[in-house]
Amino acid sequence: VGLVGILEDVSRHCTMDFKHEGDAIVLLGRTTDELGGSEYLKVEHDLVAGRPPKVDLVSERLLCELLVTAIGTGIVRSAHDCSEGGLGVALAECCIAGGVGAAVDLGDTLPGVAALFSESQGRAVITVAADHFEALKMLAATHATPCTKIGTVGGDRLRVEGMLDIPLAELREAYLPTLERLVHGER
């Protein structure tokens, strides 16, 4: 699915790259234990199976409206969907794009694999200046969208408490040449 729209004020665009050390990393939406049909199952277990994540069109609409509104206010510094690969991949992509690391704590309500790689729908990772988190939280409440601070931008590593600690250089090396390897038939 591709979408095209008009951006009335191009200065209000938002990119996925983490930009400022100290920014709050926020997860919008809710992660559930949904690994069916995921990249995790395909890559780690060579398995394409299971029930795919549920889609709640009302929650999707509310998330999109929240993102448009929050980005329009100027408080959102970066935004990226959590889709193929889940939250773990989204965080890695944001770190690689911005050249800056992150320290994240996802809690322990889900198994680590599900917390990182569930492809639950209706989620986005965004960053805001730490002092704008409360305003974002209030805005998210008006859009009935869960809003959880999960970490802080900074450093030269992606750290997810109790799950992983990887230097950005290793993330880049694993991520960037992927297409070239696939073209040559390598894994």
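Visitor: What is the relative accessible area of Glu39, and how is that value read?

Guide: Glu39 has a relative accessible area of 23%, so Glu39 is partly exposed. Under 20% is buried, over 50% is exposed, and partly exposed lies in between (1.4 Å probe, protein chains only). This is a predicted model, where local features need pLDDT of at least 70 and side-chain atom pairs pLDDT 80 or more, while totals for chains, interfaces and linings use all residues. Residues are numbered from 1 along each chain as its sequence is written, and side-chain values use heavy atoms, with hydrogens and water left out.

Visitor: Which residue forms a salt bridge with Glu39?

Guide: A salt bridge puts a side-chain nitrogen of Lys or Arg within 4 Å of a carboxyl oxygen of Asp or Glu. Here Lys42 partners Glu39, with the closest N and O atoms 3.7 Å apart. Both sit in helix α1, three residues apart, about one turn of the helix. Helices (H or I, at least four residues) and strands (E, at least two) are DSSP runs, numbered from the N terminus. Lys42 is partly exposed at 39% relative accessibility.

Visitor: How many salt bridges does the structure hold?

Guide: Six. Among them is Arg61 with Glu65, closest N and O atoms 3.2 Å apart. Helix α2 holds both residues, four apart, about one turn. Arg61 is partly exposed at 44%, and Glu65 is partly exposed at 34%. Asp17 also meets Lys19, at 3.2 Å from N to O. Arg157, Arg159 and Asp165 are linked in a network.

Visitor: Where does Arg157 stand in its strand pairing?

Guide: Arg157 stands opposite Pro167 in β7. Strands β6 (residues 157-160) and β7 (residues 164-167) run antiparallel, joined by four bridges; two strands pair if DSSP finds at least two bridges between them. The two strands form a hairpin with three residues between them, and Gly162 in the turn has a positive phi of about 75 degrees.

Visitor: How are aromatic rings read?

Guide: A pair is described by the distance of the centres and the angle of the planes. Rings of Phe, Tyr and Trp (its six-membered ring) pair if their centres lie within 6.5 Å; planes under 30 degrees apart are stacked, over 60 edge-to-face, the rest tilted. A search of the whole structure finds one pair. The rings of Tyr40 and Phe117 have centres 5.6 Å apart and planes at 10 degrees, so the pair is stacked.

Visitor: Which helices hold Tyr40 and Phe117?

Guide: Tyr40 lies in α1 (residues 39-45) and Phe117 in α4 (residues 112-117), so the pair ties together parts 77 residues apart in sequence. Tyr40 is buried at 18% relative accessibility. Phe117, at 25%, is partly exposed.
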